Amino acid sequence: MPAKVISGLTSYGDTTRPRINLSYTRPLAGAVVDFAADNLPLGPLPVWYDLINGLAAPTRANYTQPTVVDDGANGRVVRFNGTSDAMLAKVVTPQPMTMVLVGRIRVLNPTTYLKTGGATLGTNSTSNWLAFAGTGGAYGPPGLLANTNQHILVASFNGNSSALSVDGNDRAGQAAGTNGSSLIGFGTDPNSTAFMAIDINRFAILPYAATQAQRDALYQTLAARYGS
């Protein structure tokens, strides 16, 4: 949604017109968590608040703050440096659920995570896109290996009938495991010392396992805003 601007006279006869930027990002319909970088101020980001309930994803004491930057055609992103930047938010979301993420991996290493904490989005050791929730894994369509471009991931977690869509290319009927999302981690795996050089535009959780038609609709909504 483009920014809305209001112009008005401060008093009769006054030719000064103050401009008020009312840029707004609408949460995804039905989401219980929705983090968007669109309207964040540029510069270091100590806390990232979600659009729905103001859930806080802070930078904890042993991490450094990511930075909000404008990344050309990829739009405004929260950038994690891959060495010390990280944010963690405590939120428990059981299956069935759907996670949606817009972002990119800037440095692609074996097993790179865009979101950690119970249910995970990222890649495996052979650079296949992966949604993991305890056992097995829901993989992206064959032939679509991870790279450093921006992507839209939509993952439905529903035990043995999970699915992963990568830029609208869908692969369903996989066993990702039954774990829910125990926390939201960006930039690091809290169970290790690994950090990830990633950019995040958007991350949301919906409290149902989206069907293929719903996954496609979510992709179309996000592609209209962030590009495909």
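The ground rules: residues are numbered from 1 along each chain as its sequence is written, and side-chain values use heavy atoms, with hydrogens and water left out. In this predicted model, local features need pLDDT of at least 70 and side-chain atom pairs count only at pLDDT 80 or more, while totals for chains, interfaces and linings use all residues.

View A. Pro 96 sits in the loop between strand E9 (87-89) and strand E10 (97-105). Strands (E, at least two residues) are DSSP runs, numbered from the N terminus.

**View B. Ser 127 has a positive phi.** The angle is about 65°, even though Ser 127 is not a glycine. You'll find Ser 127 in the loop between strand E12 (120-123) and strand E13 (129-132). Is Ser 127 buried or exposed? Ser 127 counts as buried because its relative accessibility is 17%, and buried means under 20% relative accessible area (1.4 Å probe, protein chains only).

**View C. Asp 167 also has a positive phi.** Here phi is about 55°, and Asp 167 isn't a glycine either. Its spot is the loop between strand E16 (162-166) and strand E17 (169-174).

**View D. Six strands form an open, antiparallel sheet.** The order is E9-E18-E11-E12-E13-E14. E9 and strand E14 (138-139) are the edge strands, each pairing on one side only. Two strands pair if DSSP finds at least two bridges between them. Strand E11 (residues 113-118) and strand E18 (residues 181-186) have two bridges and run antiparallel. Zoom in on Thr 116, and its bridge partner in E18 is Gly 185.

Terms used: Helices (H or I, at least four residues) and strands (E, at least two) are DSSP runs, numbered from the N terminus. Buried means under 20% relative accessible area, exposed over 50%, partly exposed in between (1.4 Å probe, protein chains only).
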